[in-house]
Amino acid sequence: MHNKEYRPTLAQLRTFVTIAENKHFGTAATKLEISQPSLSQALVALEQGLGVQLIERSTRKVIVTVTGEKLLPYAKATLEAADAFLAHARGAHGTLTGPLTIGVIPTIAPYILPALLGEILEIYPDLEPRFVEEQTEHLLEKLRDGQLDLAIIALPSEAAGMVDVSLYSENFVVVTDPEHPLAGRDDLKLSDLDHLNLLLLDDGHCLRDQVLDLCRKARVNPSEATNSVTRASSLTTILQLVMGGLGATLVPESAIATECINPRLKVAHFDSSVTAERNVGLVFRNSAARADEFREFGNLVTKAFEDALKRSRSVETPAK
């Protein structure tokens, strides 16, 4: 029976959310750093106080009940609001402090994180950043489940219940071996993609999808322009293959300083009249209590990108 005087504690709500996210009592207990009996007791107290069953237990799996699914977003929102309250209570007054879990896709993370971490230490010394590098699909799942506060990805996210905040646009460049006819040029057209054997990242990487979109925009048959057999899970590996003469690839301009300084690689740019770019931004839940602070954090991401871009342009040899 529902107790009208009952008010759940934050610890009880966090227990429910963690169990619901992980679908496993042992994993949830480990993440919360409490014993499994204490975890079960907190959940039972919450369910009895509310007068509803939130989690269905069985010997094989944990299932969130229909009622639990309906109440889960409210529990997450309550915890987010409490975290925001604590951050402000620490004296932040709109300034980022405390834990912040940030997802970043692999074609952004290695190039902006060095500068971003430096900016964080200087501007937000009380912030405790935690980074998770994964493909877009997995980052959005973690955002929905409350395991991330925000993510830095290529937009649009096209994800329900999320807010997209555009931060910057970034040009793609073509990377070939030095002997390729397109090597070092700065006047490429999209139609030049038809003359390349493109090496792409594996399925699931948004950069792969963006390159394929460019092929379609250029009316180039993606299956003919791309090497459908040779794939890799990182740009570093792809560029090793380019050095080995297996083909060419497209990379974001911010990656040049890190990935393309080997003399066996040559960078070519599209003509200034050509649009070959990606839009990068922040994504966070539309229920996030710290939305204004996340937007503030986005300014640091943009600054870190500009730093990476400056480094990339400084190491390039201008096309003759």
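Where is D177 found? I located D177 in the loop between strand 6 and strand 7 (198–201); helices (H or I, at least four residues) and strands (E, at least two) are DSSP runs, numbered from the N terminus.

I note that this is a predicted model, in which local features need pLDDT of at least 70 and side-chain atom pairs count only at pLDDT 80 or more, while totals for chains, interfaces and linings use all residues. Residues are numbered from 1 along each chain as its sequence is written, and side-chain values use heavy atoms, with hydrogens and water left out.

**Entry: D177.** I found D177 buried (under 20% relative accessible area, 1.4 Å probe, protein chains only). I looked for a salt bridge (a side-chain nitrogen of Lys or Arg within 4 Å of a carboxyl oxygen of Asp or Glu) and D177 has none. The nearest side chain of opposite charge, R264, is 9.4 Å away. A polar atom of the D177 side chain lies 2.9 Å from the backbone nitrogen of E179. Leaving aside neighbours within four places in sequence, I listed A183, V242, R264 and K266 in contact with D177 (heavy atoms within 4.5 Å).

**Entry: strand 9.** I checked strand 9 (residues 249–252), where T249 and V251 point one way, L250 and P252 the other, and all are buried. Strand 9 pairs with strand 6 (residues 162–176) in the antiparallel sense over four bridges; pairing requires at least two DSSP bridges. V251 in strand 9 stands opposite V173.

**Entry: L54.** I placed L54 in the loop between helix 3 (36–50) and strand 1 (55–57). L54 counts as buried because its relative accessibility is 0%. Not counting residues up to four places away in sequence, L54 touches several residues, including F16, I63 and L71.

Terms used:
Buried means under 20% relative accessible area, exposed over 50%, partly exposed in between (1.4 Å probe, protein chains only). Lys and Arg count as positive and Asp and Glu as negative; His and the chain ends are not counted. A polar contact is a pair of N or O atoms within 3.5 Å; within protein, one must be able to donate a hydrogen and the other to accept it, and residues adjacent in sequence count only if both atoms are side-chain atoms.
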